[in-house]
Amino acid sequence: ARAATAADPLALLAALPPLANIHRYGNVRQTEGVQVAHLFDSMLERAGVGLLVAVSALDEAHAEHAREVRLAADRAVALRNDAERSGHWRQALQRVALSAATSALLRGVSLRLLFDSGTLDAGAVHAQLQLQLSAGATPLEAAQWLDGFLNATVLLHDDAVWQMIDAWVVALDEDALVRVLPLVRRTFSAFEAAD
């Protein structure tokens with residue numbers, strides 16, 4: 001029903017996880033996998049084409065919803081396990097990650113997903129990290145970008161990201177450190193106590 005009537009890329013992306021599960025594991029109705037794969041692929045393609053426009057100029061609440069939808073869709077694309085479709089999805093994520101029209105939160109999430117998949121190397125990610133957290137960035141945008149890009153698991157298990165954050169903090173002068181410290185604390189305060 002969503003494939004036939006939905007024009008909103010986020011609605012299409014939200015429908016992908018159940019389709020990926022059916023394609024991978026089947027269902028009680030014995031739905032044919034080829035049909036599900038075709039439906040999944042066409043919905044992903046339509047969503048990817050319109051994703052940048054759909055996530056431009058979102059307020060904070062809608063950006064948070066878009067983040068959750070995007071993370072679930074990324075897991076669905078990985079579960080679908082098709083190199084060509086994954087490539088199209090990564091291109092859509094890259095357009096969002098590098099666009100000034102999208103919210104900082106979604107740029108951070110997109111960049112993190114691209115780094116996780118190996119689409120972007122550490123050098124490209126470090127350049128974006130420096131750009132997004134530079135002195136010219138507004139404090140709210142920098143905090144939102146960090147919120148999208150970082151999570152405790154990433155920092156605990158990914159040495160490259162840890163080293164990038166460490167290098168950025170070490171490179172800050174005293175005034176810049178005082179300005180960004182509340183932003184970094186805000187991001188880390190969302191982590192669980194054990195993390």
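Me: Which helices each supply at least two residues of the lining of the largest cavity?
Reply: This is a predicted model, in which local features need pLDDT of at least 70, side-chain atom pairs count only at pLDDT 80 or more, and totals for chains, interfaces and linings use all residues. Residues are numbered from 1 along each chain as its sequence is written, and side-chain values use heavy atoms, with hydrogens and water left out. A helix is a DSSP run of H or I with at least four residues, numbered from the N terminus. The helices that each give at least two residues to this lining are helix 4 and helix 6 (83-97).

Me: Which residues line the largest cavity?
Reply: A cavity is a set of points on a 1 Å grid over the protein atoms alone where a 1.4 Å probe fits but cannot get out, and lining residues have an atom within 4 Å of a point. Helix 4 gives the largest share of this lining, three residues. The lining residues are D41, L44, E45, R85 and H88.

Me: What is the volume of the largest cavity?
Reply: A volume is the space filled by probe spheres set on the grid points, which are joined across faces, edges and corners. A search of the whole structure finds one cavity of 30 Å³ or more. The volume of the largest cavity is about 40 Å³.

Me: Which side chain meets R80 in a salt bridge?
Reply: A salt bridge is a side-chain nitrogen of Lys or Arg within 4 Å of a carboxyl oxygen of Asp or Glu. In this pair the N to O distance is 2.8 Å. The partner of R80 is D41.

Me: How many residues apart in sequence are the parts that R80 and D41 tie together?
Reply: R80 belongs to helix 5 (residues 60-80), whereas D41 belongs to helix 4 (residues 33-54). The pair therefore ties together parts whose separation in sequence is 39 residues.

Me: Is D41 buried or exposed?
Reply: Buried means under 20% relative accessible area, exposed over 50%, and partly exposed in between (1.4 Å probe, protein chains only). The relative accessible area of D41 is 9%, so D41 is buried.

Me: Which residue forms a salt bridge with R107?
Reply: The closest N and O atoms of this pair are 3.4 Å apart.

Notes: 1 Å grid on protein atoms, 1.4 Å probe; cavity = no way out; pocket = protein on both sides within 12 Å on 5 of 7 lines; lining within 4 Å.
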